[in-house]
Amino acid sequence: MAKIKKGDLVVVISGSRADRGKQGRVLEVFTETNRVVVEGIKRVTKHTKVSQSQRGSRTGGIETVEAPIHISNVMLVDPESKKGTRVGYRTEEVERDGRKRTVRVRIAKRSGKDV
């Protein structure tokens with residue numbers, strides 16, 4: 001199970017020198033290959049050709065898109081200190097619909113705050 005989810009703010013801790021230290025939001029998580037797509041990180045150029053169905057809406061040419069990077073190369077950003085932090089879990093008893101349930105809550109190990 002991935003500790004990083006879609007919409008999380010992450011920082012790149014290793015990989016390309018151009019992207020190391022940058023922060024961005026997670027756009028997509030691929031759990032089967034352990035990869036994430038981060039906004040503004042690892043931008044690559046993609047050559048596109050106009051197809052018959054897209055002729056009116058999209059033009060061909062060179063566009064830049066974000067490529068996936070390995071999930072071990074990113075770290076969740078602590079909401080308090082705005083630095084990278086590890087992720088832990090805490091269990092809580094929550095009452096929903098008249099029943100008590102045990103829920104796992106993600107916490108930042110650096111500050112102990114909920115993520």
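A: We begin with one residue and its contacts, where contact means heavy atoms within 4.5 Å. Not counting residues up to four places away in sequence, aspartate 19 touches Val12, Ile41 and Lys42. This is a predicted model, in which local features need pLDDT of at least 70 and side-chain atom pairs count only at pLDDT 80 or more, while totals for chains, interfaces and linings use all residues. Residues are numbered from 1 along each chain as its sequence is written, and side-chain values use heavy atoms, with hydrogens and water left out.

Q: Is aspartate 19 buried or exposed?

A: Buried means under 20% relative accessible area, exposed over 50%, and partly exposed in between (1.4 Å probe, protein chains only). Aspartate 19 has a relative accessible area of 10%, so it is buried. Its place is the loop between E1 and strand E2 (23–30).

Q: What does aspartate 8 contact?

A: Aspartate 8 sits in the segment before E1. Leaving aside neighbours within four places in sequence, its contacts are Lys3, Gly24, Arg25, Val26, Leu76 and Arg106. Aspartate 8 is buried because its relative accessible area is 9%.

Q: Which backbone atom lies 2.8 Å from a polar atom of the aspartate 8 side chain?

A: A polar contact is a pair of N or O atoms within 3.5 Å; within protein, one must be able to donate a hydrogen and the other to accept it, and residues adjacent in sequence count only if both atoms are side-chain atoms. Here the atom is the backbone nitrogen of lysine 5.

Q: How many helices and strands does the chain have?

A: Helices (H or I, at least four residues) and strands (E, at least two) are DSSP runs, numbered from the N terminus. This chain has zero helices and 10 strands.

Q: In what order do the six strands form an open sheet?

A: Strands of a sheet pair through backbone hydrogen bonds, either parallel or antiparallel. Two strands count as paired if DSSP finds at least two bridges between them. The order in this sheet is E6-E3-E2-E1-E7-E8, with antiparallel pairing. Strand E6 (69–70) and strand E8 (84–85) are at the edges with a single partner strand each, so one side of each has no neighbour in the sheet.

Q: What links E7 and E8?

A: Two bridges, in the antiparallel sense. Valine 77 has glycine 84 in E8 as its bridge partner. The hairpin has six residues between the strands, and lysine 82 takes a positive phi near 60° there.

Q: Where does UniProt place the KOW domain?

A: The unreviewed UniProt entry gives "domain: KOW" at residues 6–39. UniProt positions are in the numbering used here, feature names are shortened, and annotations may be inferred rather than shown by experiment. In the model, residues 6–39 are 0% helix and 47% strand, and their end C-alpha atoms lie 11 Å apart.

Q: What radius of gyration does the chain have?

A: The radius of gyration is taken over C-alpha atoms, and the globule rule is 2.2 Å times the number of residues to the power 0.38. A compact globule of 115 residues would have a value near 13 Å, but this chain has 19 Å. Of its 115 residues, 24% count as buried.
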